[in-house]
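Please look at the sequence and the structure together.

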Amino acid sequence: MAAVPDSMPAGHAPAPGGAGMVAVADEALVDFVPAGRPGLFQAAPGGSPANDAVGLARLQVPVRLLARIADDLLGHHIRAHLAGNGVDASCAVRAAEPTSLAIVAVGRDGVVEYDFRIDGTADWQWRDEELTDALDGGVFALHSGSLALTMPPGADALQRLLARAREVMTSPTTPTAGRC
């Protein structure tokens with residue numbers, strides 16, 4: 001699969017009144033979901049934060065995803081999905097670690113089970129320096145709240161980003177210049 005550009009597609013309209021964009025910080029992984037017959041799975045880009053970013057973009061809300069996306073075949077699939085849905089992934093880290101996986105099964109009773117393959121994968125390795133400019137460039141809201149907030153070693157860096165966002169976004173002199 002060919003690599004795709006990390007920029008927002010042309011023609012993606014800014015928020016009404018030029019209000020800026022929403023940043024979503026957390027994981028972007030691949031779900032292996034049942035695909036038709038028993039034992040057959042389809043690779044679907046996912047992770048609740050990435051899904052939130054796609055949903056916002058589909059509603060024409062300018063959105064930036066702050067994620068550590070692997071520079072592997074599955075990571076390229078995730079980036080293509082984000083770009084195709086109008087999500088700005090220009091601030092996403094190109095991580096050396098592999099893509100996180102979630103294998104999904106639906107039991108006979110309809111209950112969904114997840115088998116996560118996450119040890120040593122990209123999503124959980126955040127470092128403070130990767131988030132330095134995450135709130136620059138007109139970000140007016142930051143959303144997070146999934147697995148990466150709880151998974152060491154990167155959870156602490158995301159928690160510090162949230163604390164910084166609370167300070168920056170409530171300050172009357174919120175900086176809007178700069179870019180990741």
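Gln-60 has a relative accessibility of 45% in this predicted model. Buried residues are under 20% and exposed ones over 50%, so Gln-60 counts as partly exposed. This residue sits in the loop that runs between α1 (48-58) and β4 (63-66). Its backbone is worth a look too: Gln-60 is not a glycine, yet its phi is positive, at about 70 degrees. Most residues other than glycine have a negative phi, and most peptide bonds are trans.

Between Pro-152 and Pro-153 the peptide bond is cis, with omega near 10 degrees. Pro-153 belongs to the loop between β9 and α3.

In soluble globular proteins, nonpolar side chains tend to be buried together. In this model the largest nonpolar core has 20 residues, and those with the most contacts inside it are Leu-66, Leu-131, Leu-142, Leu-158 and Leu-161. At least two residues of this core come from each of β1 (21-25), β9 (139-143) and α3 (155-170). The largest share, 4 residues, is supplied by α3.

Which residues does Leu-142 touch, leaving aside those up to four places away in sequence? They are Ala-23, Ala-25, Leu-66, Leu-135, Leu-161, Leu-162, Ala-165 and Met-169.

Conventions:
Residues numbered from 1 in each chain as written. Predicted model: local features only at pLDDT ≥ 70, side-chain atom pairs only at ≥ 80, totals over all residues. Heavy atoms only, no water. Core = buried A, V, L, I, M, F, W, Y, C linked by side-chain atoms within 4.5 Å. Buried < 20%, exposed > 50% of the residue type's maximum accessible area, 1.4 Å probe, protein only. Contact = heavy atoms within 4.5 Å.
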